Amino acid sequence: MGAWIAVFKHPYFVVTGRDGTFELSGLPPGKFTVAAWHEKFGSQTMEVEVESGATLEKNFIFEPKEEE
């Protein structure tokens, strides 16, 4: 059995569903760095700009790292 714990200084986080999708709602307008983490494939970040009342669709694509 294993577990992961993450502590944030803000209320903006989400865990993906079984199919890997996620919805991060309630962000105020502004520029943000969104980070995604996978226990085997590492982490990625993406810069986004949220406008008032707008909906954005962005995707993180994680692929296995090639073994050397």
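This is a short tour of the structure, stop by stop.

**Before you start.** The model is predicted: local features need pLDDT of at least 70, side-chain atom pairs count only at pLDDT 80 or more, and totals for chains, interfaces and linings use all residues. Residues are numbered from 1 along each chain as its sequence is written, and side-chain values use heavy atoms, with hydrogens and water left out.

**Stop 1: the whole chain.** Show the C-alpha trace. Along its principal axes it spans about 45 × 25 × 20 Å. The radius of gyration of the chain is 14 Å, whereas a compact globule of 68 residues would have one near 11 Å. That radius is taken over C-alpha atoms, and the globule rule is 2.2 Å times the number of residues to the power 0.38. Of the 68 residues, 9% count as buried. Buried means under 20% relative accessible area, exposed over 50%, and partly exposed in between (1.4 Å probe, protein chains only).

**Stop 2: the two strands.** Switch to cartoon. The chain has 0 helices and 2 strands. Both kinds of element are DSSP runs, numbered from the N terminus: helices are H or I with at least four residues, strands are E with at least two. Select β1 (30-38), then β2 (42-50). They run antiparallel, joined by 9 bridges. Two strands pair if DSSP finds at least two bridges between them. Now pick Phe-32: its bridge partner in β2 is Val-48.

**Stop 3: the turn.** A hairpin of 3 residues joins β1 to β2. Select Phe-41, in the loop between these strands. Phe-41 counts as partly exposed because its relative accessibility is 26%.

**Stop 4: after β2.** Go to Glu-63, in the segment after β2. Is Glu-63 buried or exposed? Its relative accessibility is 57%, so Glu-63 counts as exposed.

**Stop 5: aromatic pairs.** Show the Phe side chains. The whole structure holds 3 aromatic pairs. Rings of Phe, Tyr and Trp (its six-membered ring) pair if their centres lie within 6.5 Å; planes under 30 degrees apart count as stacked, over 60 as edge-to-face and the rest as tilted. One of the pairs is Phe-8 with Phe-13, which is stacked, at 5.3 Å centre to centre and 10 degrees between the planes. Phe-8 counts as partly exposed, because its relative accessibility is 42%.

Next, select Phe-22 and Phe-60. Their ring centres are 6.4 Å apart and their planes are at 40 degrees, so this pair is tilted. Phe-22 lies in the segment before β1 and Phe-60 in the segment after β2, so the pair ties together parts 38 residues apart in sequence. Phe-22 is partly exposed, at 36% relative accessibility. Phe-60 is buried, at 17%.

**Stop 6: the largest pocket.** A pocket is an open set of points on a 1 Å grid over the protein atoms alone, where a 1.4 Å probe fits, with protein on both sides within 12 Å along at least five of seven lines; lining residues have an atom within 4 Å of a point. Which element gives the most to the lining? β1 does, with 7 residues. About 1600 Å³ of space lies in this pocket.

Definitions and conventions: Grid points are joined across faces, edges and corners, and a volume is the space filled by probe spheres set on the points.
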